[in-house]
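Student: I have a structure open and would like to go through it. Can we take it in short questions and answers?

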Amino acid sequence: VLRVTDGSASSDSAFAAAKSGTIENTINSYKGIPSSNGSSSNGASSNGGTAAKPDETPIPKVEEKPARKPARVYLTFCGAPDKNTAAVLDTLRESGRTAAFFLPVKSADWTDDTVRRIAAEGHTLALLLNGDALVEQLTLANERLRLLTGVQTRIVSVSTGCAQLSRAQRDALIAAGYRLWDATLDAGDEKGTAARAYAETAQRFSETDATVVLRLHHSAATAEALAALSAYMTRQGIPSGTISLALTPINGADETR
């Protein structure tokens with residue numbers, strides 16, 4: 001790069017130092033990393049890095065040449081669809097990925113049109129129990145699901161983790177045809193910023209070569225974090241998959257039936 005000046009311009013080193021934030025954000029944009037700048041409301045510093053609040057840990061650097069990476073990542077979304085879900089679905093479509101959406105078993109919390117869109121765009125519909133493993137609750141939710149989408153589901157998760165169920169509860173669910181799944185990693189998008197959720201999840205990816213069931217949510221930060229994670233997975237050659245009834249379940253109870 002040749003800079004032509006009239007002699008009054010700053011030196012190359014001074015120019016680079018002054019524009020470090022712009023340079024870093026340009027590189028981050030190319031890599032698919034959520035940008036931060038001095039005007040950001042998410043605590044970004046003026047030099048292009050992200051300044052941590054006094055009670056927060058610094059956002060880690062993303063390792064672009066990790067020694068390890070997941071064998072596969074299953075994307076899952078936990079909770080009731082809301083106003084942020086449309087952006088999540090747009091991001092999934094743009095990245096060419098599918099996911100499993102674990103809807104709360106109380107179907108009154110659902111947004112009908114969004115549930116229809118989830119099904120229409122080829123994503124897996126699943127149900128989320130809040131601790132009580134009652135087959136009757138799942139039956140009622142499935143009836144509503146069939147009315148909305150024409151399909152039912154036998155894929156289930158428990159908000160507190162399948163390991164919290166008794167053996168009798170698990171047996172009852174499995175006897176009714178349900179398969180139990182748990183997330184193995186939470187993206188942190190429900191409470192943190194998109195930049196933090198992306199960086200910390202990517203760091204956790206670099207610490208394992210196992211299959212990861214990644215839990216995301218329907219927060220304001222989710223779509224941006226998802227876009228960055230999808231781009232990172234593409235750069236690292238990390239494949240994604242979609243949970244289906246044919247797969248052996250992954251859960252904290254080691255229940256593979």
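Student: What is the mean pLDDT of the protein chain?
Tutor: In the protein chain, 80% of the residues reach a pLDDT of 70 or more. Over residues 37-49, however, the pLDDT is below 50, although this stretch has 25 contacts in the model beyond near neighbours in sequence. Where pLDDT is low, predicted coordinates should not be read in detail. For the protein chain, the mean is 87.

Student: What share of the contacts with a separation of 6 or more lies between residues 24 or more positions apart?
Tutor: The count takes the contacts in the protein chain with a separation of 6 or more. Residues 24 or more positions apart account for a share of 76%.

Student: At what angle do the axes of helix 3 and helix 8 cross?
Tutor: Helix 3 covers residues 85-95 and helix 8 covers residues 222-236, and their axes come within 8 Å. The contact involves Ala87, Val88, Thr91, Leu92 and Ser95 in helix 3, which meet Thr222, Ala223, Leu226, Ala227 and Ser230 in helix 8. The crossing is right-handed. Angles under 35 degrees count as roughly parallel, so helix 3 and helix 8 are roughly parallel to each other, with axes crossing at roughly 15°.

Student: Is helix 4 roughly parallel or roughly perpendicular to helix 5?
Tutor: The axes of helix 4 (residues 112-120) and helix 5 (residues 135-149) come within 9 Å and cross at roughly 75°. Angles of 65 to 115 degrees count as roughly perpendicular, so the relation of helix 4 to helix 5 is roughly perpendicular.

Student: Which residues of helix 5 meet helix 4?
Tutor: On the helix 4 side, the residues are Asp112, Val115, Arg116 and Ala119. In helix 5 they meet Arg144, Leu145, Leu148 and Thr149.

Student: Is Arg170 buried or exposed?
Tutor: Arg170 lies in helix 6 (residues 167-175). Leaving aside neighbours within four places in sequence, Arg170 is in contact with Cys162, Leu165, Leu180, Ala253 and Glu255. Its relative accessible area is 12%. Buried means under 20%, so Arg170 is buried.

Student: How far apart in space are Asp209 and Pro70, C-alpha to C-alpha?
Tutor: Asp209 is in the loop between helix 7 (194-205) and strand 7 (211-216), and is partly exposed with a relative accessible area of 48%. Beyond its neighbours within four places in sequence, Asp209 is in contact with Arg68, Lys69, Pro70 and Ala71. Asp209 and Pro70 are 139 residues apart in sequence, while their C-alpha separation in space is 4.2 Å.

Student: What is the phi of Asp254?
Tutor: Asp254 is in the segment after strand 8 (240-241). Its relative accessible area is 66%, so Asp254 is exposed. Its phi is positive, in a residue other than glycine, with a value near 55°.

Key. Residues numbered from 1 in each chain as written. Predicted model: local features only at pLDDT ≥ 70, side-chain atom pairs only at ≥ 80, totals over all residues. Heavy atoms only, no water. pLDDT = per-residue confidence, 0-100. Contact = heavy atoms within 4.5 Å. Axes fitted to C-alpha atoms, helices over the stretch in contact; angles between N-to-C directions. Helix = DSSP H or I, 4+ residues; strand = E, 2+ residues; numbered from the N terminus. Parallel < 35°, antiparallel > 145°, perpendicular 65-115°, else oblique. Left-handed = near helix turned anticlockwise from the far one by under 90°. Buried < 20%, exposed > 50% of the residue type's maximum accessible area, 1.4 Å probe, protein only.
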